[in-house]
Amino acid sequence: MIPKSHPRYESLLLRDKMVKAAKKGYLADSAMIAHGRGEAFDYLIGERTTYPAKRAMYVAVAALLLSNNPVISVNGNATALAVEEIIELANSVGAKIEINLFYRTDDRVKIITQIYKDLGYDKILGTLDDDIEYLTDIKNNRASASKTGIYSADTVLIPLEDGDRAEILKKSGKNIITIDLNPLSRTSKMSDVSIMDNIVRAIPFMTKIAEDLKTQDKQVLMEIVNDFDNEENLKESLEQIKLKE
Ligand code: ATP
Ligand code: MG
């Protein structure tokens, strides 16, 4: 038990979730390293949701609401840290959820599938019995996608995604939204909307935004999306990183 008064309480809580997930057997070996890299960036932005991140979240939610087939891609880390919040967001914006693992093994897919089903979410895609298609001519795991999910999606939200996979998704012509604490990652640079925030803060915030934007006209949502410049917003995000006290 971590005492709530501990100065690093939130961060330790997340580490604890990651450790439990690793013990359950659904994280790749590199998952902890990826988490650590995220932690470092979070520390440097003061573990808060910055203004450019909020702006990007409005754009992301507007884009998800405007899409015909939006999909939220989930991996082990995203599931370990924010499974319930992801389901809420998916329901709120009408998106599907698809398991998409960089190091895909049947065991990990099975465990993650069960986690979603145990929470009452039976529609989960990317499972072992789902129809798989490939986003490139080369039929490798990196390019695999559910036929009714990411394969036919117009917008894909990829929290904590690796750059190689992000590139394949981008090249296949999809609108890509990422939640990535590293504004310098290839994923952040390649995406159409990059949210530099911790997934545990971003996803619930996006659900709140969705409740607001859902009542707006399509025209308003389109203006929010069209007025956005991701490159400029990433520059502003980078300026939020403080190396002095
Ligand atoms: P890229 O492949 O895009 O260049 P990378 O190789 O640096 O990125 P990966 O390990 O492939 O990183 O992907 C993990 C990414 O997820 C990292 O950029 C890291 O900052 C980010 N990340 C880790 N934990 C979180 C979190 N809790 N919330 C948001 N982002 C996170
Ligand atoms: Mg990478």
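Predicted model: local features only at pLDDT ≥ 70, side-chain atom pairs only at ≥ 80, totals over all residues.

1. A polar contact is a pair of N or O atoms within 3.5 Å.

2. For Gly163, a backbone N or O atom is found 2.7 Å from an oxygen atom of the ligand. For Thr187, an N or O atom of the side chain is 2.6 Å from an oxygen atom of ligand 1. Taken alone, ligand 1 exposes 630 Å², and the protein buries 88% of that.

3. Which residues come nearest to ligand 1? There are 18 residues around the ligand, and those that come nearest are Arg37, Asp162, Gly163, Asp180 and Thr187.

4. The model contains an open sheet of 5 strands with parallel pairing, in the order β2-β1-β5-β6-β7. Strands β2 (96–99) and β7 (193–195) form the edges, each pairing on one side only. From one strand to the next, the twist averages 20°.

5. Strand β6, residues 175–179, pairs with β7 in the parallel sense over 3 bridges. Within this pairing, Thr178 stands opposite Ser194 of β7. Helix α4, residues 76–93, packs on the sheet and touches β1 (70–74), β2 and β5 (155–159). The direction of α4 makes about 165° with that of β1.

6. Two packed helices are described by the angle between their axes and the distance between the axes. For α4 and helix α8 (residues 199–213), the angle is about 10° and the axes are 9 Å apart. The two helices are therefore roughly parallel. Residues making the contact include Leu81, Ile86 and Leu89 of α4, together with Ile199, Ile203 and Met206 of α8.

How values were computed. Residues numbered from 1 in each chain as written. Chains lettered and ligands numbered in written order. Heavy atoms only, no water. Pairing = 2+ DSSP bridges. Helix = DSSP H or I, 4+ residues; strand = E, 2+ residues; numbered from the N terminus. Axes fitted to C-alpha atoms, helices over the stretch in contact; angles between N-to-C directions. Contact = heavy atoms within 4.5 Å. Near = heavy atom within 4 Å. Polar contact = N/O pair within 3.5 Å; in protein donor to acceptor, adjacent residues only side chain to side chain. Areas by Shrake-Rupley, 256 points an atom, 1.4 Å probe, with all protein chains shown as cover. Parallel < 35°, antiparallel > 145°, perpendicular 65-115°, else oblique.
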